[in-house]
Amino acid sequence: MADILIMGEILVEIMRDREDVQLYEQGCFRGPFPSGAPAICASAAARLGSKVALVGGVGKDDFGKCITERLEQDGVDTSWITVTPKVSTGCAFVTYFGDGSRKFIYHMGNSAAVETEIPENFPYQDLKYMHIMGCSLMAQKEFAEKILAVMRKAVSAGAKVSFDPNIRKELLTDDSIHAVIGEVMENTSIFLPGREELLSITGADTVEKALEACFAREKMEMVLLKNGSKGSTLYLPGGEAQEFGVYKVKQEDATGAGDCFDGAFLSALVQGKSVKTAARWAAAAGALNAAAFGPMEGNINLETVTKMIEG
């Protein structure tokens with residue numbers, strides 16, 4: 001049984017050990033680190049006390065072992081992860097620059113990350129939320145169709161959909177993604193975009209017009225607009241915008257902070273917390289993740305999140 005279902009790519013991440021080294025240059029890397037935006041999100045939600053199931057795929061290899069053992073340690077239900085000997089576990093190489101930008105090379109489209117089986121016997125009737133990430137939809141057309149199929153089952157069973165567009169320009173290779181995102185948006189209740197993602201997906205030229213387009217959709221309940229180090233803004237239909245700041249930490253690595261933000265937000269809602277409290281949990285989890293090197297790292301649990309919020 002799970003309250004939250006997350007489906008998408010499961011990867012290891014190989015990271016440059018310092019900023020401003022191009023991926024085509026010789027240099028040192030650190031890793032492998034357990035990664036994949038859906039897996040990071042699942043880890044954070046589980047560490048904060050929610051029942052989370054992850055659907056994805058890994059190879060029957062040491063990288064797959066690296067990820068699944070970490071997820072099990074964090075309390076994620078990994079029984080729905082496909083382990084295949086046919087192809088290797090997906091991976092991503094990433095480098096960072098002093099201006100805050102990043103560059104990725106993905107080995108995902110022909111890896112175990114997209115070899116996921118649709119969980120036909122999953123207890124969808126117990127779900128409260130299914131969380132979807134745009135990077136997963138962009139990994140491979142066939143994989144996106146599998147995610148849509150599972151989403152339809154979850155929605156039919158009464159679950160709500162949360163959606164983080166999490167656009168990765170390196171993965172934008174197929175125009176069919178627009179129809180896929182359109183179907184996800186039609187079923188989304190909780191939308192978690194950045195500003196540019198909000199404008200791009202709605203086709204609007206202002207945030208105000210974009211929000212109108214979002215709330216014109218029947219199922220849309222809230223938009224939590226993420227703005228990195230500047231915090232986030234919560235929008236509800238017909239309500240005033242509510243601003244949420246960030247918790248200051250010494251940043252080691254921002255990779256995964258947005259995914260931990262999502263996981264903490266959903267975890268708080270599942271546990272009956274108010275939307276305001278959920279937004280504070282999200283900000284705290286994101287900060288704790290950024291304070292550690294590695295996409296799934298950071299001392300995230302109920303005690304540390306509560307302590308950070310209370311100051």
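Just after helix 4, Gly-158 takes a positive phi, of about 105°. Helices (H or I, at least four residues) and strands (E, at least two) are DSSP runs, numbered from the N terminus.

Before going on, a word on the model. It is predicted, so to speak of a local feature we need pLDDT of at least 70, and side-chain atom pairs count only at pLDDT 80 or more, while totals for chains, interfaces and linings use all residues. Residues are numbered from 1 along each chain as its sequence is written, and side-chain values use heavy atoms, with hydrogens and water left out.

Back to helix 4. It covers residues 141-156, and at 1.5 Å a residue its 16 residues should span 22 Å; the end C-alpha atoms are 23 Å apart, which agrees. The expected span here is 1.5 Å times one less than the number of residues.

Which residues of helix 4 are buried? They are Phe-143, Ala-144, Ile-147, Leu-148, Val-150, Met-151 and Ala-154. They cover an arc of only 165° around the axis, which puts them on the same side of helix 4. That arc is taken from the directions from the helix axis to the C-beta atoms. Buried means under 20% relative accessible area, exposed over 50%, and partly exposed in between, with a 1.4 Å probe and protein chains only.

These buried residues pack against strand 1 (4-7), strand 8 (129-133), helix 3 (134-137), strand 9 (160-164) and helix 5 (177-187). Contact means heavy atoms within 4.5 Å.

Next, the nonpolar cores. A nonpolar core is a set of buried Ala, Val, Leu, Ile, Met, Phe, Trp, Tyr and Cys residues joined through side-chain atoms within 4.5 Å. The largest one has 53 residues, and those touching the most other members are Leu-5, Met-130, Ile-132, Leu-137, Phe-163 and Phe-191. Helix 4 gives the largest share of this core, seven residues. Apart from it lies another core, of 50 residues, including Ile-40 and Cys-135.

Now the sheets. Strands of a sheet pair through backbone hydrogen bonds, either parallel or antiparallel. Two strands are said to pair if DSSP finds at least two bridges between them.

Strand 12 (residues 232-235) pairs with strand 13 in the antiparallel sense over three bridges, and Ser-232 has Phe-244 as its bridge partner in strand 13.

The other open sheet has four strands, ordered 3-2-6-7, again with mixed pairing. Here strand 3 (29-35) and strand 7 (102-107) are at the edges, each with a single partner strand, so one side of each is left without a neighbour in the sheet. Strand 2 (residues 11-16) and strand 6 (residues 90-96) pair in the parallel sense over five bridges. Val-12 has Cys-91 as its bridge partner in strand 6.

Last, Ala-285. Where is Ala-285 found? It is in helix 9 (residues 275-290). Ala-285 is buried, with a relative accessible area of 0%. Leaving aside neighbours within four places in sequence, Ala-285 is in contact with Cys-260, Ala-264, Ile-300 and Val-305. Its C-alpha atom is separated by 29 Å from that of Gly-59, 226 residues apart along the chain.
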